[in-house]
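User: Good morning. I would like to go through this structure with you, one topic at a time. Could we begin once it is on the screen?

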Amino acid sequence: MTDYYIAPSILSGNFGKFTEEAIRLEAAGADWLHIDIMDGHFVDNLTFGAGVVGAMRPYSKLFFDCHLMVENPENYVTAFAEAGADSMSIHVEATSHIHGALQKIRAAGMKASVVINPGTPVSAIEPVLTLVDMVLVMTVNPGFGGQSFLTECLEKVSDLAMFRKLRNLNFDIEVDGGITDETIALAKQAGANAFVAGSFTFSGEPAEQIRKLKAQL
Ligand code: DX5
Ligand code: ZN
């Protein structure tokens, strides 16, 4: 049986109240907490670093699903492990050393996940699919919440699901960007099992919004 995970993104929450938001999302039925780290270089936006993740950690039992939109993410593996991150998702476009970086994440005791932007083909990550616990397929261009879902990215989700079956691999497939109670069904149908939702979660009462998402799974 497939496990499905709803991962609300704290990016759409109140930046003055990270800990309260984490507590609220856990009570609202979130399975994971999606934490977007942006460096102002890899994407045109800045958020926060491992310090904020570590500050939230004592207040939440949620799985911390950390999405690093930063250049050379391998430089931050130790910091995120020490902050209590459960997984690190790193972009194949952001490092010359994706293989070593993923190994480093696992060696630090976290789940390793590789991310592809909308313009990046699945072939770019095929050599590392034996090394990952998850593949994150971006369904918007990274950097900002509230963008529209790019349906064309779903073909990559189904290709990955097929590749996983053919090679007898065992990674989760997450989608991130533009997930609503409509697009989640399309992503599930293509083969995704983890769903990030930022603006949708916060566009109403999070518990009700999460319930609407779960109803589609
Ligand atoms: C965008 C981030 C997403 C963002 C998604 O670069 O990676 O996680 O929070 O937001 P929505 O769900 O509003 O598209
Ligand atoms: Zn994200």
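Predicted model: local features only at pLDDT ≥ 70, side-chain atom pairs only at ≥ 80, totals over all residues.

User: Where is Asp65 placed?

Analyst: Asp65 belongs to strand E3.

User: Is Asp65 buried or exposed?

Analyst: Asp65 is buried, because its relative accessible area is 0%, and buried means under 20%.

User: Which residues does Asp65 touch, apart from those up to four places away in sequence?

Analyst: Among them are Ala7, Trp32, Leu33, His34 and Ile35. Asp65 also touches Ser87, Ser89, Met134, Glu174 and Val196.

User: What separation is there between the C-alpha atoms of Asp65 and Ala101?

Analyst: Those two C-alpha atoms are 17 Å apart, and the residues are 36 places apart along the chain.

User: Back to His34. What does its side chain have to do with ligand 1?

Analyst: An N or O atom in the His34 side chain is 3.3 Å from an oxygen atom of ligand 1. Asp36 also has a polar side-chain atom 2.8 Å from an oxygen atom of the ligand. In Gly198, a polar backbone atom is 2.8 Å from a ligand oxygen.

User: Which residues come nearest to ligand 1?

Analyst: There are 20 residues around ligand 1, and the nearest of them are Gly143, Gly146, Asp176, Gly198 and Ser199.

User: Let us turn to the sheet. In what order do the strands come?

Analyst: Eight strands form an open sheet with parallel pairing, in the order E1-E8-E7-E6-E5-E4-E3-E2. E1 and E2 are at the edges, and each has a single partner strand, so one side of each lacks a neighbour in the sheet. On average, neighbouring strands are turned by 25 degrees against each other, direction ignored.

User: How many bridges join E6 to E7?

Analyst: Five bridges join these parallel strands. One pair of bridge partners is Leu136 and Glu174, the latter in E7.

User: And how many bridges join E7 to E8?

Analyst: E7 and E8, also parallel, are joined by three bridges. Asp176 stands opposite Val196 of E8.

User: What about E1 and E8?

Analyst: These two strands pair in the parallel sense over four bridges. Tyr5 has Ala194 in E8 as its bridge partner.

User: Which way do the residues of E8 point?

Analyst: Ala194 and Val196 point one way, while Phe195 and Ala197 point the other way. These four residues are all buried.

User: Now the helices. Which residues of H8 are buried?

Analyst: In H8, which spans residues 206–214, the buried residues are Pro206, Gln209, Ile210 and Leu213. They are on the same side of H8, because they cover an arc of only 95 degrees around the axis.

User: Why would residues with gaps between them point the same way?

Analyst: An α-helix has 3.6 residues a turn, so residues three or four places apart point the same way.

User: What covers the buried residues of H8?

Analyst: The cover includes strands E1 and E8 and helices H1, H6 and H7.

User: Which residues are buried in H6?

Analyst: They are Thr183, Ile184, Ala187 and Ala190. Viewed down the axis of H6, they fall within an arc of 125 degrees, so they line one face of the helix. They pack against E1, H5, E7, E8 and H8. After H6 comes Gly191, with a positive phi near 125 degrees.

User: One last topic: where does Thr139 lie?

Analyst: Thr139 is in the loop between E6 and H5, and it is buried, with a relative accessible area of 0%. A polar atom of its side chain lies 2.7 Å from the backbone oxygen of Gly177. Leaving aside neighbours within four places in sequence, Thr139 has contacts that include Ser148, Phe149, Val175 and Asp176.

Notes
Residues numbered from 1 in each chain as written. Chains lettered and ligands numbered in written order. Heavy atoms only, no water. Buried < 20%, exposed > 50% of the residue type's maximum accessible area, 1.4 Å probe, protein only. Arc of directions from axis to C-beta. Contact = heavy atoms within 4.5 Å. Pairing = 2+ DSSP bridges. Axes fitted to C-alpha atoms, helices over the stretch in contact; angles between N-to-C directions. Near = heavy atom within 4 Å. Polar contact = N/O pair within 3.5 Å; in protein donor to acceptor, adjacent residues only side chain to side chain.
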